[in-house]
Amino acid sequence: MKLYCLSGHPTLPCNVLKFKSTTIMLDCGLDMTSTLNFLPLPLVQSPRLSKLPGLVLKDGSTFLDKELKECSGHVFVDSVPEFCLPETELLDLSTVDVILISNYHCMMALPYITEYTGFTGTVYATEPTVQIGRLLMEELVNSIERVPKAQSASTWKNKEVQRLLPAPLKDAVEVSMWRKCYTMPEVNAALSKIQLVGYSQKIELFGAVQVTPLSSGYALGSSNWIIQSHYEKVSYVSGSSLLTTHPQPMDQASLKNSDVLILTGLTQIPTANPDGMVGEFCSNLAMTVRNGGNVLVPCYPSGVIYDLLECLYQYIDSAGLSNVPFYFISPVANSSLEFSQIFAEWLCHNKQTKVYLPEPPFPHAELIQTNKLKHYPSIHGDFSNDFKQPCVIFTGHPSLRFGDVVHFMELWGKSSLNTVIFTEPDFSYLDALAPYQPLAMKCVYCPIDTRLNFIQVSKLLKEVQPLHVVCPEQYTQPPPSQSHRTDLMIDCQPPPMSYRRAEVLTLPYKRRYEKIEIMPELADSLVPLEIKPGISLATVSAMLHTKDNKHVLQLPPKPPQPPTSKKRKRVSDDVPECKPLKPLLSGSIPVDQFVQTLEKHGFSDVKVEDTAKGHIVLLQEAETLIQIEEDSTHIICDNDEPLRVKLRDLVLKFLQKF
Amino acid sequence: MPEIKVTPLGAGQDVGRSCILVSIAGKNVMLDCGMHMGYNDDRRFPDFSYITQNGRLTDFLDCVIISFVSNGEKKVLLFCGVLSLPYFSEMVGYDGPIYMTHPTKAICPILLEDYRKITVDKKGETNFFTSQMIKDCMKKVVAVHLHQTVQVDEELEIKAYYAGHVLGAAMFQIKVGCESVVYTGDYNMTPDRHLGAAWIDKCRPDLLITESTYATTIRDSKRCRERDFLKKVHETVERGGKVLIPVFALGRAQELCILLETFWERMNLKAPIYFSTGLTEKANHYYKLFITWTNQKIRKTFVQRNMFEFKHIKAFDRAFADNPGPMVVFATPGMLHAGQSLQIFRKWAGNEKNMVIMPGYCVQGTVGHKILSGQRKLEMEGRQILEVKMQVEYMSFSAHADAKGIMQLIRQAEPRNVLLVHGEAKKMEFLKQKIEQEFHVNCYMPANGETTTIFTNPSIPVDISLGLLKRETAIGLLPDAKKPKLMHGTLIMKDNSFRLVSPEQALKELGLAEHQLRFTCRVHIQDPRKEHETVLRVYNHLKGVLKDYSVQHLPDGSITVESILIQATAHSEDQGTKVLLVSWTYQDEELGSYLTSLLKKGLPQSSS
């Protein structure tokens with residue numbers, strides 16, 4: 001069993017597990033933090049951005065000034081933003097049989113894998129994961145494609161050139177692997193390879209392995225996966241939550257008795273309490289609006305936004321915000337709000353109960369009905385007519401590099417009345433803000449990450465007791481910025497095996513058994529013998545059939561008819577066809593009884609001699625010698641087959657066969 | 001021999017009161033819990049006393065599975081998958097788990113409450129379940145996802161498949177070890193305007209229990225029926241008549257609404273369409289929220305347009321029935337036996353311009369059944385005679401599998417046995433023959449209370465040690481891995497666990513030592529040559545004869561054939577005779593015996 005680690009990002013994993021002749025990719029997350037090195041893509045020409053000075057290197061050379069721009073001491077690539085792909089060279093990805101997706105954030109690299117590597121397998125994911133994943137991809141493609149950029153910078157990627165650049169560009173890894181965004185046809189092709197699955201559905205892979213998605217409690221349709229054969233169990237835990245938000249709670253019990261537990265997707269902000277953050281979010285929002293300012297919330301179009309809207313639904317009246325418009329701007333805003341209402345089966349118990357009434361599970365339906373929340377595909381069109389300030393705007397992308405959020409950063413950045421509130425934990429907010437500096441608007445950081453923290457992890461591991469834990473190396477040491485916090489790492493026994501990008505781990509496990517089926521006819525023919533109290537044995541000689549990795553034992557074909565006496569001679573000429581199978585023998589031969597038996601069968605001249613280890617029985621006339629010891633019997637005789645066979649059968653009478 | 005026992009408590013050679021008891025590998029499962037409406041006493045419920053004469057139901061039953069909830073065309077007041085459930089769980093007493101899909105769980109209590117109201121509040125019956133009982137009963141319900149494998153206990157697992165019949169309808173696979181039963185409930189193999197087609201994988205159950213309502217029917221194409229329907233409605237409305245369509249809240253109602261809505265839109269018609277309020281309106285809500293259970297097309301387009309938000313169809317008010325001019329009204333219930341549909345029917349029956357379209361099966365005794373069988377003078381309550389002048393049309397939109405669909409499902413699932421329920425005996429007989437002919441499987445059709453026993457012959461799963469399996473696959477004579485091979489092992493049976501290991505391992509595990517039995521035979525050969533030359537001749541001879549075996553000439557002058565050792569010595573008295581000592585263990589018995597007889601015949605003269 002081997003694990004190929006293709007991504008170094010702990011919350012956007014991409015691993016490949018080789019297990020019992022199947023090759024299974026676990027998630028294909030796309031590391032988008034690379035886009036922070038690029039200039040934002042403004043929808044409307046931004047004079048500020050276009051006037052940024054080109055980079056002048058220390059030695060005064062300016063050959064990069066078209067590609068790299070400086071803004072408040074930071075250097076940015078002026079080009080279409082690019083993403084850092086999972087490793088594609090570590091193993092031949094066309095050999096991947098299946099891809100298991102755990103949640104919609106962890107499938108963003110899917111088109112790169114399915115469309116560019118010769119992949120011919122199947123992708124498994126739940127219905128909400130696919131639908132919302134599609135929305136995320138649509139939004140991504142849309143927000144990049146609608147701002148066509150003529151320039152595609154590549155000179156800076158040259159290793160010799162990169163060395164000369166200031167940090168963080170100097171240290172950016174694998175820049176040659178960075179790729180532009182995929183297109184909608186590629187997204188559609190990739191999604192068409194997905195097969196929908198439900199929680200606790202058992203999916204057979206080639207008869208060798210069974211995979212099962214389990215609720216992980218983190219997002220709509222998010223799953224952990226069990227990968228098991230009859231005797232080995234690997235749990236893949238990725239992005240799980242024990243908090244009660246909108247999704248169905250995490251299924252912990254099914255993770256028990258794992259040989260190996262692969263743990264990824266823990267919280268990125270282990271020190272922040274999501275509940276506290278939501279409170280801070282609300283109060284900052286209210287304060288800004290009351291002072292006449294606007295609030296900008298950079299966010300993904302699905303996920304935490306549902307919870308935020310639900311909080312605001314309860315909060316706005318009491319906070320006196322009933323007249324403040326809330327806008328949700330995204331090409332998929334409408335779809336996301338609609339889809340959230342139709343996945344009753346994937347929701348927490350309370351929301352399910354509402355559907356049974358029947359009422360929409362999320363209160364944003366009411367916010368929309370009462371016109372408190374309005375959604376638009378983009379800032380063009382209807383929005384520009386309806387737009388009223390002060391207001392609250394939810395829009396993407398959280399990296400602040402593309403999407404409608406860029407427009408509002410430029411529009412509102414100069415006024416200290418306005419506030420941008422960061423809730424998504426995927427990007428460092430200071431890095432995200434860097435190309436907008438200097439900035440007058442207030443910045444509030446309320447990261448809401450409901451995924452497992454280290455206290456919950458240690459509780460979980462104690463409960464499910466895996467034999468081995470495998471995790472990204474980041475989880476085996478305290479965060480670099482808080483190196484004294486030894487509580488912010490995984491602590492378990494035996495210590496976890498850690499991996500980093502481009503590493504191959506050999507997972508510890510020893511398989512000793514396999515399942516085989518005994519056909520009823522064969523079972524009927526078996527003769528069990530009780531050897532010890534409660535233990536019976538039966539010798540089995542049978543035909544082994546193996547098909548589709550399933551083994552079946554059947555009755556052996558009937559032996560050919562015993563030859564008639566006439567033909568016997570010819571038969572003995574034939575070389576035995578296949579190796580005959582004789583059972584093992586066990587037991588010992590009591591010499592006295594054996595001699596008696598011999599005499600009963602007509603051997604009159606039996607003589608017994610004692611030796612150091614046993615006895616020698618002599619049949620003088622037949623010139624035959626039988627050495628009997630505790631664990632062996634040796635018959636030495638002339639070539640007299642009838643005699644030998646007779647002696648053999650007499651000896652066998654005293655022994656047990658296995 | 002292991003067996004599966006099936007006893008219908010209702011729906012055996014009968015339509016209605018679906019309730020089937022299945023015993024499989026020591027587990028007892030009750031499938032559906034319907035009600036017969038031909039009776040007003042306890043006979044309307046399945047005969048639960050059959051399950052266990054005395055003692056608690058909970059101890060006997062491992063679980064109850066509800067395949068669907070429907071007051072579909074032929075069902076309300078006759079039969080419904082769940083109508084007896086509160087009676088069963090609260091009044092007869094059952095505390096175990098009850099499984100159903102999410103939409104079924106959502107709709108079930110509303111339907112039960114609705115039904116309770118009709119029976120108790122309107123008809124004034126007593127000895128019926130109460131609202132509280134419905135609530136308590138629903139607490140025992142566990143909702144299942146499609147394709148989710150639910151582990152009822154260590155051995156018993158169930159799995160739901162999409163059945164298409166109504167929203168949330170499911171077929172269930174019940175499995176214990178290698179033995180399994182599939183129960184279809186009501187299903188539909190052709191997708192319609194709002195639901196998809198039933199689907200099951202090739203799960204090869206020991207037994208498939210299928211409904212057979214339309215056992216002998218092969219219905220004409222759906223499109224024709226739809227065109228026919230629209231034409232009739234359109235003509236009536238054109239000439240200023242009123243159209244009454246009695247429906248049940250869930251199922252066909254939604255399909256026909258979608259049909260009319262699109263037709264009105266296309267033809268730009270103005271006549272109002274009404275939908276009787278209450279349950280039906282709510283039902284449309286359920287369709288909106290459970291849109292993932294509808295067909296592909298509706299699911300794909302729902303963000304732009306939710307098909308269950310109708311533009312032309314409005315809520316009905318009792319007063320509208322007297323409005324002049326044409327209109328179309330969907331009213332419940334579907335068999336014209338009570339409620340709003342019957343009230344409207346009474347008002348409109350006297351006018352020949354009007355039309356009533358019955359979109360489904362009607363049960364004997366109902367007004368619907370009477371008018372469909374041609375009766376035009378109906379005796380109503382109070383000896384009043386109602387003369388029916390309006391046109392009466394029957395149009396089957398009932399979502400049951402027809403004969404073709406049933407055969408198709410059998411082809412999909414490949415069962416070893418088939419059992420028919422929920423149909424009329426005569427029709428079942430016909431279908432039974434057809435199934436036996438085409439699939440060569442046994443087909444059963446037990447009556448109520450009659451037990452069918454099916455013998456299964458499951459193979460026995462055993463743990464085989466990897467060492468033994470690998471050894472057997474490695475030493476195959478042919479490299480072809482797919483060819484069956486003879487293998488030898490020892491089965492250890494201990495506390496219900498079965499393990500197949502190599503004989504060596506079995507001995508070791510039991511702490512026994514192997515006893516080696518060895519034979520050494522002296523074979524005399526006439527050969528005047530020197531010993532090593534004799535050995536060489538023997539070697540060449542054996543090499544020539546035993547082509548498939550490994551024959552080796554060792555440096556110490558001995559020969560091995562596989563693990564059999566041959567040594568040559570000169571005869572102590574006769575130098576012209578050589579003695580060959582052939583030595584083998586019992587495990588090589590056959591080959592050893594063969595070698596001695598081969599050598600005894602001497603060496604071929606030619607070789608030297």
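Student: In E20(A), which residue is the bridge partner of Val295(A)?

Tutor: Keep in mind that this is a predicted model. Strand E16, residues 295–298 of chain A, pairs with E20(A) in the parallel sense over 2 bridges. Val295(A) lies on that pairing, and its bridge partner in E20(A) is Thr419(A).

Student: And how many bridges join E20(A) to strand E21 of chain A?

Tutor: E21 covers residues 442–445, and it runs parallel with E20(A). Ile421(A) has Val444(A) as its bridge partner in E21(A). The number of bridges joining E20(A) to E21(A) is 4.

Student: Are the residues of strand E20 of chain A, 419–422, buried or exposed?

Tutor: Look at both faces of the strand. Thr419(A) and Ile421(A) point one way, while Val420(A) and Phe422(A) point the other way. Whichever way they point, all of them are buried.

Student: Zooming out, how many helices and strands does chain A have, and why is it more spread out than a compact globule?

Tutor: The secondary structure of chain A comes to 18 helices and 34 strands. For 658 residues the globule rule gives 26 Å, and the radius of gyration is well over that, so chain A is more spread out than a compact globule. Its C-alpha atoms fill a box of roughly 120 × 70 × 55 Å along the principal axes. The radius of gyration itself is 36 Å.

Terms used. Residues are numbered from 1 along each chain as its sequence is written. Chains are lettered from A and ligands numbered from 1 in the order in which they are written. This is a predicted model: local features need pLDDT of at least 70, side-chain atom pairs count only at pLDDT 80 or more; totals for chains, interfaces and linings use all residues. Side-chain values use heavy atoms; hydrogens and water are left out. The radius of gyration is taken over C-alpha atoms; the globule rule is 2.2 Å times the number of residues to the power 0.38. Buried means under 20% relative accessible area, exposed over 50%, partly exposed in between (1.4 Å probe, protein chains only). Two strands pair if DSSP finds at least two bridges between them.
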